[in-house]
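Have the model open beside you and try each task before reading on.

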Amino acid sequence: MRAFGGWRPGADRQGTADDVVAFWRMSSGHWFEKDAAFDGNFRDRFLALHMAVAQRRHDDWTETPHEALALLILTDQFPRNAFRGTAHMFATDPLASHFARQALDARHMARVEPDLRLFFCLPFAHSEEMADQEMSVRLNTGLG
């Protein structure tokens with residue numbers, strides 16, 4: 001059985017930043033929908049990489065725009081899909097905010113394709129801190 005991106009469930013593979021961004025880009029129809037099959041495929045494919053990022057083993061990915069985007073997807077979006085309905089879906093939110101700040105300081109958001117720029121903003125929208133909410137409004141206003 002082939003799943004998203006030609007990956008097979010059960011394949012022993014951690015993945016790369018490019019894999020994450022490519023998977024996310026081609027999955028745009030599932031970004032904001034509740035879909036158990038998509039969530040399962042996303043979890044199966046990138047759980048090991050999410051855990052590695054949560055353990056801070058890929059902090060150097062903040063150096064390039066697409067790798068920074070992968071960090072944001074893995075710390076902000078991945079848990080919301082992979083751990084839907086559990087407390088773990090919020091566990092890496094502080095890390096996502098940390099990486100989002102670094103990405104903004106490096107001006108990475110402007111260096112990715114327009115459809116993916118939103119994912120540099122969402123960690124701020126998901127935060128409960130007022131300053132982050134204000135940042136989210138400013139960033140999203142800039143996106144249109």
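**Exercise 1. Are Trp24 and Phe119 buried or exposed, and how is their aromatic pair arranged?**

Step 1. Trp24 is buried, and Phe119 is buried as well; buried stands for under 20% relative accessible area, exposed for over 50%, and partly exposed for what lies in between, with a 1.4 Å probe and protein chains only. The model is predicted, so local features need pLDDT of at least 70 and side-chain atom pairs count only at pLDDT 80 or more, while totals for chains, interfaces and linings use all residues. Residues are numbered from 1 along each chain as its sequence is written, and side-chain values use heavy atoms, with hydrogens and water left out.

Step 2. Trp24 and Phe119 form an edge-to-face aromatic pair, 5.6 Å from centre to centre with 85 degrees between the planes. (Rings of Phe, Tyr and Trp, the last by its six-membered ring, pair if their centres lie within 6.5 Å; planes under 30 degrees apart count as stacked, over 60 as edge-to-face and the rest as tilted.)

Step 3. Trp24 belongs to helix α1 and Phe119 to helix α5, so this pair links distant parts of the chain, 95 residues apart. Helices are DSSP runs (H or I, at least four residues), numbered from the N terminus.

**Exercise 2. How many aromatic pairs does the structure hold, and what kind of pair do Phe23 and Phe42 make?**

Step 1. The structure holds 14 aromatic pairs.

Step 2. In one of them, the ring centres of Phe23 and Phe42 are 5.2 Å apart and the planes stand at 20 degrees, so this pair is stacked.

Step 3. Because Phe23 lies in helix α1 (residues 17-26) and Phe42 in helix α2, the pair ties together parts 19 residues apart in sequence. Both Phe23 and Phe42 are buried.

Step 4. One aromatic cluster takes in Phe23, Trp24, Trp31, Phe32, Phe38, Phe42, Phe46, Phe78, Phe83 and Phe119.

**Exercise 3. Which residues of α1 are buried, and what covers them?**

Step 1. In α1, the buried residues are Ala17, Asp19, Val20, Val21, Phe23 and Trp24.

Step 2. Their cover includes α2, α3 and α5.

**Exercise 4. At what angle do α2 and α3 pack, and which residues make the contact?**

Step 1. Two packed helices are described by the angle between their axes and the distance between the axes.

Step 2. Helix α2 (residues 36-54) packs on helix α3 (residues 65-82) at about 135 degrees, with the axes 9 Å apart. (Axes are lines fitted to C-alpha atoms, for helices over the stretch in contact, and angles run from 0 to 180 degrees between N-to-C directions.)

Step 3. α2 and α3 are therefore oblique to each other; angles under 35 degrees count as roughly parallel, over 145 as roughly antiparallel, 65 to 115 as roughly perpendicular and the rest as oblique.

Step 4. From α2, the contact uses Phe38, Asp39, Phe42, Arg43, Phe46, Leu47, Leu49, His50 and Val53; from α3, it uses Leu71, Ile73, Leu74, Thr75, Gln77, Phe78, Pro79, Asn81 and Ala82. Contact means heavy atoms within 4.5 Å.

Step 5. The residues of this α2 and α3 contact divide into 12 nonpolar, 4 polar and 2 charged. (Ala, Val, Leu, Ile, Met, Phe, Trp, Tyr, Cys and Pro count as nonpolar, Asp, Glu, Lys and Arg as charged, and the others, Gly among them, as polar.)

**Exercise 5. What does Asn81 contact?**

Step 1. Asn81 sits in helix α3 and is buried, with a relative accessible area of 4%.

Step 2. Leaving aside neighbours within four places in sequence, Asn81 is in contact with Trp24, Phe38, Asp39, Phe42 and Arg43.

**Exercise 6. How do α3 and α5 pack, and what does Ala68 touch?**

Step 1. α3 and helix α5 (residues 118-125) pack at about 40 degrees with axes 9 Å apart, which makes α3 oblique to α5.

Step 2. Pro65, Ala68, Leu69, Leu72, Asp76 and Gln77 of α3 make the contact with Phe119, Phe120, Leu122 and Pro123 of α5.

Step 3. Ala68, in helix α3, is buried, with a relative accessible area of 4%. Not counting residues up to four places away in sequence, Ala68 touches Trp61, Thr62, Ala103, His108 and Phe120.

Key
Helices (H or I, at least four residues) and strands (E, at least two) are DSSP runs, numbered from the N terminus.
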